[in-house]
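Subject: Structure handover

Hello,

Here is the structure for you to look through. My notes follow below it.

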Amino acid sequence: MDNNLVDYKSENGGYWKVLLGLLVLTAVTFIQPGMFLENYTFSAQMLIGTVKAWLILMYYMHLKGEKLIITFLYFSLFIVLVFFIIVIGVDVINFQFEDMSHITSGDTASAVSETHGAAHAEPAHH
Amino acid sequence: MSHEYVPEIAVDREGNEHEVQGWQDDTYGAKLGFWLFMFTEVLMFGAMFLALTYYYTLHHDDFVIASSSLNRLLGGTNTVVLLFSALTMGLGLLKMRSGDVKGAKLMIWATIILACVFLGIKAVEWTAEYHHGIFLGLDALQAGNEHSKPFGQILFFGMYFTMTGIHGFHIILGIGIMLWLLKRINAGKVTPEHHILHFNIALYWDLVHLIWVFVFPYYYMIGADGIQMSDIQALFSAGGSH
């Protein structure tokens, strides 16, 4: 909880330490693709990003010790995941137009022409 | 029709009733309310990031190729700029809380300048991309013509311009509310004793920074192959995509 009891020296030092940590992690972000986990760049980058986000949330956004807000935060992230997995995921699994969709078709050119062709031939009804 | 004023009554722990004069000192309530607003931002950007992840699994190769064409040095410079702006914003709040109002105002101005630098670099980057034929509405990002990029790349760049555009809009809003904060400080409405507005605007700025922490690797780094000499050369070129 924020209040006016300020330990300026300590808090100022904390800000600079977090900055240093974030700068180091930013440097790791840059060197990772050519240095380690080369075949898992996406996962490695997300992991580094998550550590950076944790530092920002806890220290710059003063969430350390804020149990209620942290609970809300986890809840909102949970809601996003639930909606993505249940609502969108179920829809994706049962998607019936994979070959016609620009997004899901591997062969985009044929998907485009097929879609256009299908549109001209007869409207798709579900 | 007249409206009779009905005072709002709050009861303290001892059961004594008090007429509420205003909620301006409800620091925790103000902070909680602002966090609720920020959760809506998390929901919006979270959904976009999840959609992007799904598209990435579908069009992995196209995404990697498209990502590798972005200018990582400009994106990386913006990452560092935002990082320092989060520091100046935080230090400004600390100075305000400790009674150094002048120092707090200087730090807010420093944050505004860094935000403008961020927008300037973004503008250079987008302009270069436009001159390379990569922009919303141009042939390369429209399916079904001879200049069309593969659909996965169209999807990537479509989301890139959308998300960095929305993020940039948040930066512009941030500059606006920081200027408003300076006005409130000058008017004596935000003081070391009543600094919740400053606190919430600092939270907003940290959220803008937080979003970029994920935007940068999602778009710029998934196609990166380590630091190359061409990256260094690109730093000294016009700042376009390489």
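**Chain A**

In chain A, 25% of the contacts between residues at least 6 apart in sequence join residues at least 24 apart. Two residues count as being in contact if their C-beta atoms, placed from the backbone, lie within 7 Å.

Some ground rules. This is a predicted model: local features need pLDDT of at least 70, side-chain atom pairs count only at pLDDT 80 or more, and totals for chains, interfaces and linings use all residues. Residues are numbered from 1 along each chain as its sequence is written, while chains are lettered from A and ligands numbered from 1 in the order in which they are written.

Chain A has four helices and zero strands. The order along the sequence is α-α-α-α. Helices (H or I, at least four residues) and strands (E, at least two) are DSSP runs, numbered from the N terminus. Chain A has 126 residues, and 15% of them count as buried. Buried means that 20 or more other C-beta atoms lie within 10 Å of the residue's own, with C-beta atoms placed from the backbone.

**Chain B**

Chain B contains seven helices and two strands. Its pattern along the sequence is β-β-α-α-α-α-α-α-α. Of its 242 residues, 38% are buried. In chain B, 72% of contacts between residues at least 6 apart in sequence join residues at least 24 apart.

Now the overall dimensions. The radius of gyration of chain B is 23 Å, whereas a compact globule of 242 residues would have one near 18 Å. That radius is taken over C-alpha atoms, and the globule rule is 2.2 Å times the number of residues to the power 0.38. Along the principal axes, the C-alpha atoms of chain B fill a box of roughly 75 × 40 × 35 Å.

**The contact between the chains**

Chain A gives 40 residues to the contact and chain B gives 44 residues. On the chain A side, the elements that give two or more residues are helix 1 (8–35), helix 2 (41–60), helix 3 (67–93) and helix 4 (108–121). Helix 1 of chain A gives the most, with 14 residues. By type, the chain A side divides into 25 nonpolar, twelve polar and three charged residues. Here Ala, Val, Leu, Ile, Met, Phe, Trp, Tyr, Cys and Pro count as nonpolar, Asp, Glu, Lys and Arg as charged, and the others, Gly among them, as polar.

**Confidence**

The model scores ipTM 0.81 and pTM 0.81. Chain B has a mean pLDDT of 88, with 91% of its residues at 70 or more. pLDDT is the predictor's confidence in each residue, from 0 to 100.

Best wishes

Definitions and conventions:
A residue is buried if 20 or more other C-beta atoms lie within 10 Å of its own, exposed if 12 or fewer, and partly exposed in between; C-beta atoms are placed from the backbone.
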